[in-house]
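Work through the exercises below with the sequence and the coordinates at hand. Each task is followed by a solution in steps.

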Amino acid sequence: MDEDESVSIYKAIPGGEELLGWFGKVPSFHDAEVLDLHLKREGRSTLRLHAWNMTSKVRNGYFVLEKHAVVEFLIDRIITLKLDQFNHQNVIDGLSLSRVEVDENRQAFELLLEPSFGLSGTIRAEGLSVTCSPGKPDK
């Protein structure tokens, strides 16, 4: 999926414009930490991540990170779910958001959690919104 397509998907969901505004781009969620995942049979499920922008600057041998935020995806009416490797720490390599055909009459949002260490998988849902709270998470 190209950058323009990703931008249009985020702009189409509630809270997406604010997320893009904070990060200045579609965040890759590279090395983002999954803070929690709450699944509900009925009602809204949530996925919370600690994310940031990685810069090309290096300090003390590490890339400088900026624009820390807690990003929460609010997931309505899960259609399919496949999760693997939940662990004591869950860091994803990246997260991609797309629209997929579920059947001939409907589409769904698809959240793909790319594996790094711990949780990975795919969540497809009928509805999706996002919130972005600037700053690092409370531990």
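**Exercise 1: a residue in a strand**

Val102 is located in strand β4; helices (H or I, at least four residues) and strands (E, at least two) are DSSP runs, numbered from the N terminus. This is a predicted model, in which local features need pLDDT of at least 70 and side-chain atom pairs count only at pLDDT 80 or more, while totals for chains, interfaces and linings use all residues. Residues are numbered from 1 along each chain as its sequence is written, and side-chain values use heavy atoms, with hydrogens and water left out.

Task: classify Val102 by relative accessible area and list its contacts beyond four places in sequence.

Solution.
- Step 1. The classes are buried (under 20% relative accessible area), exposed (over 50%) and partly exposed in between, with a 1.4 Å probe and protein chains only.
- Step 2. Val102 has 29%, so it is partly exposed.
- Step 3. With contact taken as heavy atoms within 4.5 Å, Val102 touches Ile79, Gln107 and Ala108, leaving aside neighbours within four places in sequence.
- Step 4. Ile79 is 23 residues from Val102 in sequence, and their C-alpha atoms are 8.6 Å apart.

**Exercise 2: the faces of a helix**

Task: find which residues of α1 are buried, and state how they are arranged about the axis.

Solution.
- Step 1. Helix α1 covers residues 3-12, and its buried residues are Ser6, Ile9 and Tyr10.
- Step 2. Viewed down the axis of α1, these fall within an arc of 95 degrees, so they line one face of the helix; the arc is that of the directions from the helix axis to the C-beta atoms.
- Step 3. An α-helix has 3.6 residues a turn, so residues three or four places apart point the same way.
- Step 4. Asp4 and Ala12, on the other side of α1, are exposed.
- Step 5. The cover over the buried residues of α1 includes α2 (16-23), β3 (62-84), β4 (91-103) and β5 (106-117).

**Exercise 3: the whole chain**

Task: give the order of the elements and compare the radius of gyration with the globule rule.

Solution.
- Step 1. The chain has 2 helices and 6 strands, in the order α-α-β-β-β-β-β-β from the N terminus.
- Step 2. The radius of gyration is 15 Å, close to the 14 Å that the globule rule gives for 139 residues, so the chain is as compact as a globular protein of that length. The radius is taken over C-alpha atoms, and the rule is 2.2 Å times the number of residues to the power 0.38.
- Step 3. Of the 139 residues, 40% are buried.
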